[in-house]
Amino acid sequence: MTSSHSPSAPGFTAPAKKQLGQHFLADRSYIDKIVLAVNPKDDDRLVEIGPGQGAITLPLLRRHPRLTVIEFDRDLIAPLTAAAEPLGELTIVHRDVLQVDFTPLAGDGQIRLVGNLPYNISSPILFHAMEHAAVIRDMHFMLQKEVVDRMAADPGSKVYGRLSVMLQAWCKVTSLFVVPPGAFRPPPKVDSAVVRLVPRDPATVGILDRKRFAEVVRSAFGQRRKTLRNALNGVVTTEQFEAAGVRSDARAEQLEVAQFIALANVPRAESA
Ligand code: SAM
């Protein structure tokens, strides 16, 4: 197969690197849908993760005067700079996104994150973003559809799990639309979907200790078919279940996000 794009695809062409999760968006109609979903306003601080060959970057720059992008692939930096030059002000951060602190990018405001993410590291990127939720106004990400389904799942669903609870605790999660493999070059093996995440006001989230919350959620879903009493043995005591008003004979997949927060917030008993 050649690396040529469909005639309508923006950007330039470079061979895709599998190890960097490179599947370049090549269908103009889905690019337009993403730009429409982001709907940038003049004073927004837009930050794109993984601009690649500019499929989303260049149309965004046509709508918005400046953009910061974070790209790990050195080979893409020069052509991206050249392609963006006539359109607007592009700042390229040449780093692994997992090493980037988003706080300085936000200045005294908040950033809006966009990205067709490298699927091999999409969960670490999501967790990294959650750590910076206070400086993020919203996120529009393309991910594997299966991951988006897990992110947006409700209690009782088969795919409701650790990712659903950890993300929904901090953000409102909305699945927007599905994108088929044929929209990419090279095509991935699976369907993709675009998701919108809007961080909640940290003051209203109500998690007292992030590490403790993460521990309770991880342990509960570590053995999701067991009752919580068994799955959380050694992590949550009978007294703590009672104090949180959570039934210990329930299973993790039945618990609302607020119940996980209540369970994690109960103080540990003083040791004698
Ligand atoms: N946005 C482009 C598009 O839609 O055609 C490219 C998307 S491609 C799925 C993912 C992009 O993320 C690639 O450009 C890849 O080089 C970049 N990438 C992969 N790992 C990265 C990392 N750790 N940090 C920053 N960028 C990364």
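**Entry 1: around the ligand**

I began with the shell of residues around the ligand, which divides into twelve nonpolar, seven polar and three charged. That shell holds 22 residues, and the closest to the ligand are Phe-24, Gly-50, Gly-52, Ala-55 and Asn-116. A reminder to myself: this is a predicted model. For the complex, the predictor gives an ipTM of 0.99 and a pTM of 0.92.

**Entry 2: confidence**

Next I looked up the pLDDT. The protein averages 93, and 94% of the residues score at least 70. Residues 1–8 are where I slowed down, as the pLDDT there is below 50. This stretch still has twelve contacts in the model beyond its near neighbours in sequence.

**Entry 3: overall shape**

How does the radius of gyration of the protein sit beside that of a compact globule? For 272 residues the globule value would be near 19 Å, and the protein has 21 Å, so the two agree. I also noted the box filled by the C-alpha atoms, roughly 70 × 40 × 30 Å along the principal axes. Twelve helices and nine strands make up the secondary structure. Of the 272 residues, 37% count as buried. Among contacts with a separation of 6 or more, 62% come from residues 24 or more positions apart.

**Entry 4: two domains**

The domain assignment gives domain 1 as 3–202 and domain 2 as 210–265. I looked up the distance between their C-alpha centres and found 33 Å. Where they meet, nine residues of domain 1 are in contact with twelve residues of domain 2. On the domain 1 side, the touching residues are five nonpolar, three polar and one charged.

**Entry 5: α6 and α7**

I then went to two covered helices. In α6 (residues 145–152), six of the eight residues are buried: Val-147, Val-148, Asp-149, Arg-150, Met-151 and Ala-152. What covers them includes α5 (122–131), β6 (136–144), α7 (162–170), β7 (171–179) and β9 (192–199).

Helix α7 is mostly covered too, with eight of its nine residues buried. These run from Leu-163, Ser-164, Val-165 and Met-166 on to Leu-167, Gln-168, Ala-169 and Trp-170.

Why does Leu-167 count as buried? It has 24 C-beta neighbours inside 10 Å, and the cut-off for buried is 20 or more. Beyond four places in sequence, Leu-167 is in contact with Leu-126, Met-130, Met-151, Val-173 and Leu-197. I also checked Leu-167 against Arg-150: they are 17 residues apart along the chain, and their C-alpha atoms are separated by 10.0 Å.

Most residues other than glycine have a negative phi, and most peptide bonds are trans, so I went looking for departures.

Asn-39 has a positive phi of about 45 degrees, although it is not a glycine. I found Asn-39 in the loop between α1 (28–38) and β2 (45–49). Is Asn-39 buried or exposed? With 10 C-beta neighbours inside 10 Å, Asn-39 counts as exposed.

The peptide bond from Arg-185 to Pro-186 is cis, with omega near -15 degrees. Pro-186 belongs to the loop between β8 (184–185) and β9.

Key
Residues are numbered from 1 along each chain as its sequence is written. This is a predicted model: local features need pLDDT of at least 70, side-chain atom pairs count only at pLDDT 80 or more; totals for chains, interfaces and linings use all residues. A residue is near a molecule or strand if its C-beta atom, placed from the backbone, lies within 6 Å of it. Ala, Val, Leu, Ile, Met, Phe, Trp, Tyr, Cys and Pro count as nonpolar, Asp, Glu, Lys and Arg as charged, and the others, Gly among them, as polar. Domain bounds come from an automatic or database domain assignment. Two residues are in contact if their C-beta atoms, placed from the backbone, lie within 7 Å. Helices (H or I, at least four residues) and strands (E, at least two) are DSSP runs, numbered from the N terminus. The radius of gyration is taken over C-alpha atoms; the globule rule is 2.2 Å times the number of residues to the power 0.38. A residue is buried if 20 or more other C-beta atoms lie within 10 Å of its own, exposed if 12 or fewer, and partly exposed in between; C-beta atoms are placed from the backbone. pLDDT is the predictor's confidence in each residue, from 0 to 100.
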